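Trainee: I have a model open and would like to go through it with you. Can we start with how the helices pack?
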Amino acid sequence: MTMPPESGPGFLKREAVPVVVFALLALLPFVAVLGAESYLLSLVTRVMIFAIAALSLDLILGYGALVSFGHAAFLGLGGYAVGILSAHGQTDALVQLPVALAVSALFALVTGALSLRTKGVYFIMITLAFGQMAFFLAVSLAAYGGDDGMTLSGRSRLFGLDLFKNDRAFYYAVLLALLGAYGLCRSIVVSRFGRVIRGARENPQRMAAIGFPLFRYQLVGYVIAGTLCGLAGFLLANQAEFVSPAYMTWQRSGELIVMVVLGGLGTLHGAIIGAAAFLLLEEWLSGFTEHWKMIFGPFLVLVVLFARGGLMGAIRRLGGGGHG
Amino acid sequence: MSMTLLYVQTLNGLQLGVLLFLIAAGLTLVFGVMDFINLAHGVQYMIGAYLAAMFTAMTGNFFYGLALALPSALAFGLLLEFLIFRHLYDRDHLDQVLATFGIILFLNQAVKVIWGAAPLSVPIPEALSGSIRLMDGLLYPVYRLAIIGSGLAIAVLLGILVSRTRIGMLVRAGASNAPMVSALGVDIGKLFMIVFGFGAMLAGFAGAMVAPILSVEPGMGDNLLILTFVVIVIGGIGSVRGAFIAAILVGLVDTLGRVFGPQLLRALMDPSAASQAGRALAPMLTYILMAAILFFRPGGLFPAKK
């Protein structure tokens with residue numbers, strides 16, 4: 001495997017954080033047996049699902065500098081693929097998952113091809129517009145619950161077996177998906193393709209002058225990110241056994257951006273840590289007061305004003321790793 | 001489909017368009033002059049509505065309430081500018097999106113804490129209550145006409161301010177090339193503050209004006225904010241004229257699309273499919289319009305930057 005150029009002296013040191021994170025996640029169910037098992041499992045499963053979504057966004061946002069403000073649409077598409085298929089009696093994951101991924105990929109291909117024609121602020125706005133379209137489409141699906149959403153008859157089956165019904169089995173399935181998504185993103189980032197994407201972030205004119213058709217590279221990146229987020233949507237619908245248009249509000253897209261930036265842009269494992277920090281902070285603060293947003297909002301402003309590089313930046317500084 | 005319905009809905013669309021313009025005017029200038037994405041602009045609209053509701057309840061008169069709400073909205077906007085926004089002008093768009101997102105979370109919750117989660121209602125002022133007969137069989141509420149009238153009057157004033165005065169000239173110059181204006185010796189920080197405060201007050205005015213006809217509730221600015229972004233992107237960022245035309249366009253398309261979209265579709269397909277498709281398509285119309293305009297004119301209709 002090629003070493004990422006910015007890894008510098010310590011590849012192991014750099015990979016230490018994700019190794020620790022995944023080890024902790026793998027061990028959690030054994031600890032959870034000691035108390036509050038179902039609460040802990042469902043909370044951390046949710047964290048991991050959003051980590052996949054944030055990871056996929058980091059791929060285009062952190063590495064490609066494409067600020068997509070409609071990424072939550074893919075969560076909804078993946079979720080509704082599960083919901084609509086199971087409403088018609090098709091509950092096998094072997095059918096649901098490919099459909100969820102294909103729908104997300106197709107949506108990403110079409111909207112990406114249109115959005116990537118624009119730059120900067122206009123890109124933010126047009127992805128927002130597509131996200132809103134998906135949202136209103138879901139609201140209008142009266143046959144599938146409309147505004148209120150729909151409750152699933154149960155989790156997806158695998159080869160007709162109720163494997164995911166067990167919370168612990170589902171936890172490990174999600175962990176496996178997260179690990180796979182992380183591995184995929186990591187190998188994309190260090191590949192030649194990933195370097196072109198990063199080059200486009202640093203200096204699009206120069207990359208174009210060298211002769212790379214940037215539009216095509218960015219579009220492929222956008223489709224990969226959208227498809228991965230569709231996977232997160234598939235898992236989220238299964239976890240909650242419920243889908244609703246609330247999956248794809250623009251506020252949800254904003255939260256995904258918050259997760260990525262909170263963890264640290266363009267680090268991949270930062271996205272996982274950011275998702276965990278966001279959801280655990282939400283859980284923790286809402287335990288104190290129903291007005292937790294009054295604490296979280298100013299916290300966010302302070303992070304932007306004073307903590308550049310997010311949590312991963314802070315960890316790097318603590319570890320004395322210099323400027324990364 | 002009767003002509004009366006068409007007229008009423010056109011007026012409703014015009015009213016939405018005027019409101020959108022009041023919010024969009026400030027946003028497009030802040031965006032154009034300072035290159036600053038302010039997601040919290042919708043919150044200014046909400047604050048305006050709450051202030052109007054509070055002062056109206058205190059004084060017992062909507063016009064006193066409005067007169068007190070405007071300077072308060074201005075002061076609040078300036079306070080936000082001083083505390084937070086001025087530290088974000090030279091940051092990238094992502095930082096701005098995040099910080100202003102945090103402000104939305106805070107303020108939406110704060111109004112819930114201060115005024116409660118239940119919607120407030122403001123009575124329509126006595127002088128502007130009732131309906132007026134515009135033509136045979138066409139009654140329209142006076143208050144809604146007042147909104148349209150005051151919005152159009154402000155649009156005209158703003159147009160004169162931007163195109164005829166010295167400060168307007170600086171604002172236009174700032175929208176097309178802010179560093180150059182600064183290099184020519186204009187205190188750009190002061191200019192930013194004036195534009196920002198003015199924009200906040202206009203959004204607050206829009207909120208105060210709709211307080212009697214909509215329910216005043218937390219988060220009321222969120223969805224309108226997104227429509228406002230659609231407006232300024234269609235109009236071209238930094239252009240007040242573009243914002244006006246786009247606001248009226250979006251207001252009409254959104255309102256008429258929701259009412260007549262399903263009816264037009266019914267001519268093409270069977271009724272149940274038409275109402276289903278109409279319900280799905282109508283709210284999407286404005287976004288489709290925006291995507292189409294950006295596809296053909298990536299800088300909007302009247303881009304301020306060359």
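Mentor: Start with helix 10 of chain A, which passes helix 11 of chain A in a right-handed crossing. Keep in mind that this is a predicted model.

Trainee: At what angle do the axes of helix 10 and helix 11 of chain A cross?

Mentor: They cross at roughly 115 degrees, and the axes come within 7 Å.

Trainee: Which residues of helix 10 of chain A meet helix 11 of chain A?

Mentor: From helix 10 of chain A they are A:E255, A:V258, A:M259, A:V260, A:L262 and A:G263. Their partners in helix 11 of chain A include A:G270, A:A271, A:I272 and A:F278. By class, this contact has 10 nonpolar, 3 polar and 1 charged residues.

Trainee: Now chain B. How do helix 9 and helix 10 of chain B cross?

Mentor: Helix 9 of chain B covers residues 240-266 and helix 10 of chain B covers residues 271-281; their axes come within 8 Å and cross at roughly 145 degrees. The crossing is right-handed. Helix 9 of chain B contributes B:G261, B:P262, B:L265 and B:R266, which meet residues of helix 10 of chain B, among them B:P271, B:A274 and B:L281. That contact divides into 6 nonpolar, 3 polar and 2 charged residues.

Trainee: How many residues of chain A are in contact with chain B?

Mentor: 32 residues of chain A are in contact with 32 residues of chain B. On the chain A side, helix 5, helix 10 and helix 12 each supply at least two residues. The largest share, 13 residues, comes from helix 5 of chain A. The side of chain A that touches chain B has 23 nonpolar, 7 polar and 2 charged residues.

Trainee: What is the span of helix 5 of chain A?

Mentor: Helix 5 of chain A runs over residues 120-140, and its 21 residues reach 31 Å from first C-alpha to last, close to the expected 30 Å. Of those 21 residues, 17 are buried, so helix 5 of chain A is largely enclosed by the rest of the structure.

Trainee: Last one, backbone angles. Which residue other than glycine has a positive phi near 55 degrees?

Mentor: A:A65 is one of them. A:A65 lies in the loop between helix 2 and helix 3 of chain A, and A:A65 is buried, with 20 other C-beta atoms within 10 Å. A:E241 also has a positive phi, of about 55 degrees, and is not a glycine. A:E241 follows helix 9 of chain A and belongs to the loop between helix 9 and strand 2 of chain A. With 14 other C-beta atoms within 10 Å, A:E241 is partly exposed.

Terms used. Residues are numbered from 1 along each chain as its sequence is written. Chains are lettered from A and ligands numbered from 1 in the order in which they are written. This is a predicted model: local features need pLDDT of at least 70, side-chain atom pairs count only at pLDDT 80 or more; totals for chains, interfaces and linings use all residues. Helices (H or I, at least four residues) and strands (E, at least two) are DSSP runs, numbered from the N terminus. The expected span of a helix is 1.5 Å times one less than its number of residues. A residue is buried if 20 or more other C-beta atoms lie within 10 Å of its own, exposed if 12 or fewer, and partly exposed in between; C-beta atoms are placed from the backbone. Axes are lines fitted to C-alpha atoms, for helices over the stretch in contact, and angles run from 0 to 180 degrees between N-to-C directions. A crossing is left-handed if the near helix is turned anticlockwise from the far one by less than a right angle, and right-handed if clockwise. Two residues are in contact if their C-beta atoms, placed from the backbone, lie within 7 Å. Ala, Val, Leu, Ile, Met, Phe, Trp, Tyr, Cys and Pro count as nonpolar, Asp, Glu, Lys and Arg as charged, and the others, Gly among them, as polar.
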